[in-house]
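Colleague: I have just opened this one and would like to understand the words used for it. Could you show it to me and take my questions?

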Amino acid sequence: MSVDLEKILRPVDNPMPPFPAKHMKVASGEEMVIRQVTRDEIPSILQHVAPLVWVERDFYDVVAARVYAELLAYYAHRMQDEYVLVAQIDGELCAVVNGRMVNEDVGMSLHTLAMRRGLRIGAHSFAAKMEYHMDILGQKEVLVVAESPIGFRRWMLEYNLEKRFDIAHELGGVPSWALTKELFDKARDTLVVGRRPVPDELLAKAHEAILPPSDPPRPPDDLLAATRAKYDPTGTALVLQRWKQEGKV
Amino acid sequence: MTMRDVYVIGIGITSFTRLEFPLSEIAAYPAMMAMKDAGTREIDHLYVANMGGGRVNHQTGLASAVVDTLSLTPAGAETIENGPASGGSAVKTGYMAVASGLHDVVMVTGAERMREVNNLDATDFVATLTHPIAEHIYGVTLPSLAAMFTRLYMEKYGVTERHLAMVAVKNQNAALLNEFAHLHQKISIEGILDSPEAMTNNPYVAEPLRFFDCCPVSDGGACVILASEEAAGKVGRPLVKLAGVGQATDTHAVHEREDPTDLLAVRRAAAMAFERAGLTPADVDVAELHDAFTILEIVESEECGFFPKGEGHLALERGETALGGKLPINVSGGLKGRGHPVGATGLAQVYEIVHQLRGEAGERQVKDARIGFTCNFGGFGNNVVCLAFTREN
């Protein structure tokens, strides 16, 4: 008897209504579109996520590696009930956020990867993700964790998340925090922004192509300088880095 | 007593950002740049400006570490701590050393590594400069103190949130032209004030001050080398004279001032610097003011004598303080755009002015700048150092 292994390995996704795209003005005055992407668009996102795996700063390396794996798993049908949203300015990829539906009532926030910084792009994208869980999927709560102190400030502190420390989050098994419907409603007026529908021209530009980030986070000049500096008070790390830049080593 | 003239013969600076190096290296790197700029390693004495090494970085005796890192031993070295005015104070001390004839060439370097701790801890660290019994124990932070000050100023002089946003946009966008600045992100009035999303993009930190009204928490270092006329004459760099220094203090607790909207220490320090330099505010071509919060640029521009009291925001409206205006202020980006590593800020201001007076500031060069001015604001206006500079040749 032949067995179709792919049928066994591939999870069957539950129906999830689409996220309706929205747009907003960021601090620079530029219009940003947040929209859901299809599986077909994942490869064009992956190429912009990959370089961030080498950014040893603010946990970009950890987050980018995990996002890469999650997007790849989504593309290859190895993740149950996942969705991916992107933020774009003039087509340029500014952020990727993703999550999944655990069951009818509970959502699992996976990652928020901002590719342009200093404009609350990550925060706006996270808010859109929460909006998807609460308003579109109609869930009661979303389980959240943060890998970086920046994420902790943005999610745990700004949304005043509740502890769900008895639930291990899917990211590393660490204790979960939860955004409840009540907390989301409290944050709705201050943290959740954006307008619908997106003007046709803006949306068309976003769909036309996912363009590379113009100013993505970059690794420090010396990937190990941060680590060495912690244990080396003699100045060697700086001198070595300078020599390296001057081509002496 | 006759004092000697004092010149700036070398300058150096690091990027203002997050620097994952020991504090002593952050102080040493711009010092190496400054020695290269001046073409000398003959330093008689070293002053190191720093505010938080002991508390934030667990490093005390910073000057001893820096002088050794630079291989400048056995030159004398000491650390100078005067809150966010540490840099200005150190320059003033270096000036006294040269002017008095005690030394011929002194190095003044400043450094801070504030991003070793998170923003909450950094804010708390800076708050330790407030009055311990009258302010700090009640949870006062610099943003909250500045917010109360701003509210009062708005009510008295008609400054609005739009004026504050105009300073934020002017300075943060000026920083786009400064390769060493912390913030390289363009902002617009529409994005931070007028759009439906503006309140989320630019939320209140302490009303009426919003996120973009506050300077970032930065690491960084900057250095200047001061010399006597004789020593300066041996250096083939454009001669910039430190023509006047002024320092003044005010009550530690802000509420003890007769009118809290008057920054008397700024007024007095600026007047002193101008008098010693034989200059007037009208002579100044370019100024670097201490805009830790946007309101401070407006108020200091009045207290320094550049505009009448209560009219700084009107000059801002007329574009007089922008690059190309009558008196460009903070073309480096200021603390708002360049960043504010507290102990290094006063030196970064001097770096910018010398850079400008030498005519080497590239795209942000103020045309024909020959007289420059800095205001380094310590505490909440309780300890202020002002410096006046002139291009000599």
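Modeller: Here is a short talk about how some features of this predicted model are named.

Modeller: Residues are numbered from 1 along each chain as its sequence is written, and chains are lettered from A and ligands numbered from 1 in the order in which they are written. This is a predicted model, where local features need pLDDT of at least 70, side-chain atom pairs count only at pLDDT 80 or more, and totals for chains, interfaces and linings use all residues, while side-chain values use heavy atoms, with hydrogens and water left out.

Colleague: Why is A:D81 called buried?

Modeller: Buried means under 20% relative accessible area, exposed over 50%, and partly exposed in between, with a 1.4 Å probe and protein chains only. A:D81 has 2% relative accessibility, so it counts as buried. The residue sits in the loop between α3 (60–75) and β3 of chain A; helices (H or I, at least four residues) and strands (E, at least two) are DSSP runs, numbered from the N terminus. A:D81 is also not a glycine, yet its phi is positive, near 55°.

Colleague: And A:R120, is that residue buried or exposed?

Modeller: Buried, because its relative accessible area is 13%. A:R120 belongs to the loop between β5 and α4 (121–136) of chain A, and it too is a non-glycine residue with a positive phi, about 60°.

Colleague: What makes A:L5 exposed?

Modeller: Its relative accessibility is 52%, and therefore it counts as exposed. A:L5 is part of helix α1 (residues 5–9) of chain A.

Colleague: Which residues make the nonpolar surface patch of about 410 Å²?

Modeller: A:V3, A:L5, A:I8 and A:L9 make it. Like charges are joined within 9 Å, and nonpolar side chains (Val, Leu, Ile, Met, Phe, Trp, Tyr) within 5 Å. The areas come from the Shrake-Rupley method with a 1.4 Å probe, and for residues only the protein chains shown count as cover.

Colleague: Why do β1 and β7 of chain A stand at the edges?

Modeller: Two strands pair if DSSP finds at least two bridges between them. The open sheet in chain A has eight strands in the order β1-β2-β3-β4-β5-β6-β8-β7, with mixed pairing. β1 (22–25) and β7 (162–168) each have a single partner strand, so one side of each is left without a neighbour in the sheet.

Colleague: How do you know that β6 and β8 of chain A pair?

Modeller: Four bridges join β6 (residues 141–144) and β8 (residues 175–180) of chain A, in the antiparallel sense. Within this pair, A:V142 stands opposite A:L179.

Colleague: What about the sheet in chain B?

Modeller: That open sheet has nine strands, ordered β3-β2-β4-β7-β1-β8-β11-β10-β9, with mixed pairing. Its edge strands are β3 (76–80) and β9 (286–288) of chain B, each pairing on one side only. Inside the sheet, β8 (residues 240–249) and β11 (residues 383–391) of chain B are antiparallel partners over nine bridges, with B:G244 opposite B:A388.

Colleague: Where are the cis peptide bonds that join A:P197 and B:P208?

Modeller: One joins A:R196 and A:P197, with omega about -5°; A:P197 is in the loop between α6 and α7 (200–208) of chain A. Another joins B:E207 and B:P208, with omega about 10°, and B:P208 lies in the loop between β5 (204–206) and β6 (209–210) of chain B.

Conventions. Patch = residues over 30% accessible without salt bridge, like charges linked within 9 Å, V, L, I, M, F, W, Y side chains within 5 Å. Salt bridge = Lys/Arg side-chain N within 4 Å of Asp/Glu carboxyl O.
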